[in-house]
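Here is a short briefing to read alongside the coordinates. It goes from confidence to chain contacts, then to domains and strands.

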Amino acid sequence: MKRTCVVLSLAAAFAGGMADAQSTFRGDAAHSGIYPGEGPRQFHRVKWKFPTGDRIVSSPVYANGAIYFGGDDGNIYAVDAADGRQLWKRSTGGPVAASPAVADGVVYAGSYDGKFYALDALTGAMRWRIATGGERRFEAKGLHGMQPKNQTIADPFDVYLSSPVVGGGSVYFGSGDGSVYAVDVATGEVKWKFATGDVVHASPAYADGTVFIGSWDSYFYAIDAASGKEKWRFHGGEDPVIHNQVGFQSSPAVVNGVVYTGCRDSNLYAIDAVTGKERWRYNNKGSWVIGSPAVTQGKVIFGTSDSSLYLVVDAVSGKEIARQQGKAYVFASPSVAGNTVFVGVLNGTLEARDLDTGNLLWEYYTEASRRNDGWVLTADRQFNGPLLFWSNWREAPIVATARQFGVGSIFSSPLIVGGVVYFGSTDGNLYALE
Amino acid sequence: MHRTILALLLCVPILACGAGIAPEGRWQGAVAIPGNEVQVVIDVARDGTGAWTGSIIMQGLGVKGAPLSNIVVNDADIAFDIGDRFRSPAHGPMAFTAHLTAADAMAGEMRQGGNVAKLELKRTAPAQVEPAPRSTAVGRDLADRWIGEFELGGYPRHVTITLENHAGAAATARFVIVGKQTTDIPVDLVTEDGSFLRVESLANHVAFEGRYDKVSGELRGVVELGFAEVPLVLRRSGGRPS
């Protein structure tokens with residue numbers, strides 16, 4: 001009965017063409033990372049958890065009573081936000097390692113099968129589907145110093161696909177084929193394709209008729225949303241030796257005419273959205289900035305990988321406001337609801353932090369991280385590097401990375417709706433905490 | 001009589017596990033790390049001076065014949081660690097403790113990274129301890145202060161390696177890398193093997209390995225930084241010797 005009510009409410013809402021503010025990656029088209037309402041300042045309980053067949057890297061989105069997300073088991077899911085029951089699932093031919101976007105009753109999502117899907121949000125029925133040039137991971141010889149040096153190695157840390165954004169009658173997304181796509185939402189016709197020099201797994205932000213997105217070719221692009229013409233490009237760092245410090249994996253936030261984006265070159269950049277000129281950069285001394293920064297109240301909030309920092313810097317000057325030492329890498333993007341910031345950590349911890357101070361309010365450990373199979377984590381929940389990365393030969397680092405991500409890591413950026421925090425975990429569960 | 005029998009019964013385990021039985025030998029068994037049981041072979045013996053020595057094989061973890069450190073044998077108890085291999089910065093070395101539960105059986109624990117796992121071992125053969133690698137003296141040409149530079153991650157790192165011989169003993173080295181910060185790397189091993197020089201920090205997974213080129217007076221080789229291996233040419237800081 002309850003399910004019927006949800007379906008009916010979905011139908012009513014979509015009939016009116018209404019879209020919720022939380023219906024796209026990072027909450028809105030500009031990727032501010034801000035969610036309406038308050039998030040829980042204290043942890044009370046697991047409201048529900050929804051098991052899938054493989055890890056969840058995708059960040060959930062919300063529209064009209066339903067949570068939508070992708071699974072590495074190849075499915076796109078719609079789940080009742082109230083009780084965690086499955087409304088529908090749609091199988092694709094590969095992992096769906098990106099957030100869907102929901103607009104006007106349609107769910108848009110890409111898959112590792114190299115196809116991009118438009119599904120009816122109510123039923124999961126196919127509206128249209130297009131094939132891109134095919135997916136692939138970022139790859140390089142000698143990547144991160146792995147051996148054999150003469151063999152091209154796919155990057156095990158390239159975990160995300162590009163999450164789409166909808167604006168101006170088009171849906172925009174990046175692809176492993178190196179292109180940024182603009183596709184007509186109604187027909188599925190490709191309006192334009194913008195070629196970059198390498199894999200595009202960052203997610204585009206859309207603001208003021210412009211699509212903002214970075215590529216693994218080391219450039220960040222502003223593209224005219226209507227024509228697909230380049231407005232400007234910004235050059236990040238290069239690393240020709242081991243390709244470790246290169247590429248935009250981070251997705252941008254565009255707020256008040258400034259683009260904020262992380263980069264694998266270990267900088268967080270603030271770039272003028274009109275001119276493409278650098279306003280400032282915050283260097284993280286070799287640590288990647290993979291997540292999309294959240295921007296609110298003149299503050300830019302982001303996390304780092306190896307240094308495992310939670311950082312808050314001034315949006316205008318880039319000066320550090322707050323820093324907290326975390327325990328493990330942060331790839332997920334921080335999400336803000338009210339005065340609370342929620343951050344997923346790769347050691348399988350969901351952290352709730354105070355917006356002003358960055359102080360930890362509460363934390364939740366995913367099931368797999370509590371088991372800690374293979375001692376991936378030390379007793380104090382840091383990555384147990386010596387026991388994981390003891391060899392650089394052949395597949396050892398790739399196996400180590402897979403093991404590292406097996407502790408219920410949270411790559412998924414939290415979604416906050418009605419005081420409930422939703423996120424996916426590599427233990428295969430979508431969690432709803434309140 | 002009852003009392004005597006009881007006393008005898010009590011003596012049995014004491015005799016079985018007591019001072020008469022030493023932990024010498026090859027011990028095989030498993031460490032019960034959750035989700036990843038590791039098979040181990042541990043060799044323990046006394047060296048020529050009577051001191052305890054040993055080595056370990058950990059299958060699936062890339063360890064073959066790593067030397068045991070800080071071996072302490074106390075009656076039926078043995079404790080040791082494996083030095084810098086799998087050393088956790090916060091929790092110290094991977095450490096083992098075990099107790100002889102029978103003539104040919106030991107049980108105990110292995111600790112690493114603050115985690116603890118059960119260890120069960122059976123004595124299967126005489127000990128086959130692998131000799132530990134030792135530092136050597138280096139050629140007179142090499143005992144000097146060497147400098148060089150490499151680039152990684154888009155910015156340069158300056159390297160200084162200072163090699164020093166000691167009369168009748170092995171060489172030592174100071175290994176400093178200056179990038180965005182200065183790192184004075186503790187060196188465990190300095191070896192000259194044929195024409196190859198190797199300066200290594202096991203704990204930090206950092207090493208320099210190179211060959212001395214008499215014509216150019218340079219040390220040409222690679223610096224190994226964890227996964228990364230980057231070419232590095234070192235020159236004497238004071239120029240070529242006359």
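What is the mean pLDDT of chain A, and what share of its residues reach 70 or more? The mean is 93, and 95% of the residues of chain A reach that level. This is a predicted model.

**Confidence**
- Residues 1-19 of chain A have pLDDT below 50.
- Beyond near neighbours in sequence, the model gives this stretch of chain A 27 contacts.

**Contacts between chains A and B**
- Chain A brings 28 residues into contact with 25 residues of chain B.
- On the chain A side, twelve of the touching residues are polar, nine are nonpolar and seven are charged.

**Domains of chain B**
- The domain assignment places domain 1 at 17-125 and domain 2 at 145-236 of chain B.
- Taken over C-alpha atoms, the centres of domain 1 and domain 2 of chain B are 33 Å apart.

**An open sheet in chain B**
- Nine strands of chain B line up as β13-β12-β11-β10-β18-β17-β16-β15-β14.
- The sheet is open, and its pairing is antiparallel.
- Its edge strands are β13 (182-185) and β14 (189-193) of chain B, and each pairs on one side only.
- On average, neighbouring strands of this sheet are turned by 20 degrees against each other, direction ignored.

**One strand pair in detail**
- In chain B, β11 (residues 155-166) and β12 (residues 169-178) pair in the antiparallel sense.
- Eight bridges join β11 and β12 of chain B.
- L163(B) has A173(B), in β12(B), as its bridge partner.

Notes
Residues numbered from 1 in each chain as written. Chains lettered and ligands numbered in written order. Predicted model: local features only at pLDDT ≥ 70, side-chain atom pairs only at ≥ 80, totals over all residues. Contact = placed C-beta atoms within 7 Å. Nonpolar A, V, L, I, M, F, W, Y, C, P; charged D, E, K, R; others polar. Domains from an automatic or database assignment. pLDDT = per-residue confidence, 0-100. Pairing = 2+ DSSP bridges. Helix = DSSP H or I, 4+ residues; strand = E, 2+ residues; numbered from the N terminus. Axes fitted to C-alpha atoms, helices over the stretch in contact; angles between N-to-C directions.
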